[in-house]
Amino acid sequence: MIRPLAAALTLLVLLGGAGAQTPQLSLDGEAKWDFGKRAQGEKDERVFILRNPGDAPLIIEKIGVTCGCIRVEPVRGSIPAGGQLEFTAFLDTTRVKGKIAKEIYIKSDAPAKRRINIAVRGEI
């Protein structure tokens, strides 16, 4: 009787416990923002929606960018199980020129998918 019980407890520990709750990270729509051709000095913005279809709260550790011409608000947050978080990306073409190929990235504590990258493309 002790061996089956020990085996069951070992399996439970290895699988992370019965009914373990986990957050999940997903993005509504395409992971792409193509802003087309813009004149230098123009501004634009776009709203993105992150979702947590998981059954535990999701921590958004950072929403970052790879270009000074883009900023985001908010830069971190949390999403309850089954909930969503909107963030806005703002484009400012004042100091850039030429073709743009940058990224917005979202880092989270979701075990299966910790990061989402959003491609930002266009021409100034």
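The largest pocket in this predicted model is lined by Lys43, Asp44, Gly68, Cys69, Ile70, Arg71, Phe90, Leu91, Asp92, Thr94, Arg95 and Val96. Its volume comes to about 200 Å³, and the residues of its lining divide into five nonpolar, two polar and five charged. Strands S3, S5 and S7 each supply at least two residues of that lining, and S7 gives the most, with three residues.

**The sheet beside the pocket**

The strands that contribute to the lining of the largest pocket, S3, S5 and S7, also belong to an open sheet of four strands, which has the order S1-S3-S7-S5 and antiparallel pairing. S1 and S5 stand at the edges of this sheet, each with a single partner strand, so one side of each is left without a neighbour in the sheet. Strands of a sheet pair through backbone hydrogen bonds, either parallel or antiparallel. Strand S3, residues 43-51, is joined to strand S7, residues 84-92, by nine bridges, while strand S5, residues 70-73, pairs with S7 over four bridges, again in the antiparallel sense.

| Residue | Counterpart in S7 |
|---|---|
| Arg46 | Ala89 |
| Leu50 | Leu85 |
| Ile70 | Leu91 |
| Arg71 | Phe90 |

Two of these rows return to the largest pocket: Ile70 stands opposite Leu91 in S7, Arg71 stands opposite Phe90, and the residues Ile70, Arg71, Phe90 and Leu91 are included in the pocket lining.

Strand S5 has a covered face, made up of Ile70 and Val72, and an uncovered one, made up of Arg71 and Glu73. Ile70, on the covered face, and Arg71, on the uncovered face, are both among the residues that line the largest pocket.

The C-alpha atom of Gly29 is separated by 9.6 Å from that of Leu50, a residue 21 positions away along the chain. Leu50 in turn stands opposite Leu85 in S7.

**The chain as a whole**

The secondary structure of the protein chain comes to one helix and nine strands, which follow the pattern α-β-β-β-β-β-β-β-β-β when read along the sequence. Of the 124 residues, 32% count as buried, and the chain exposes about 7600 Å², of which carbon and sulfur atoms supply 54%. Among the contacts in the protein chain with a separation of 6 or more, residues 24 or more positions apart account for 66%.

Note on methods. Residues are numbered from 1 along each chain as its sequence is written. This is a predicted model: local features need pLDDT of at least 70, side-chain atom pairs count only at pLDDT 80 or more; totals for chains, interfaces and linings use all residues. Side-chain values use heavy atoms; hydrogens and water are left out. Two strands pair if DSSP finds at least two bridges between them. On a 1 Å grid over the protein atoms alone, a cavity is a set of points where a 1.4 Å probe fits but cannot get out, and a pocket is an open set with protein on both sides within 12 Å along at least five of seven lines; lining residues have an atom within 4 Å of a point. Grid points are joined across faces, edges and corners, and a volume is the space filled by probe spheres set on the points. Ala, Val, Leu, Ile, Met, Phe, Trp, Tyr, Cys and Pro count as nonpolar, Asp, Glu, Lys and Arg as charged, and the others, Gly among them, as polar. Buried means under 20% relative accessible area, exposed over 50%, partly exposed in between (1.4 Å probe, protein chains only). Contact means heavy atoms within 4.5 Å. Accessible areas come from the Shrake-Rupley method with a 1.4 Å probe; for residues, only the protein chains shown count as cover.
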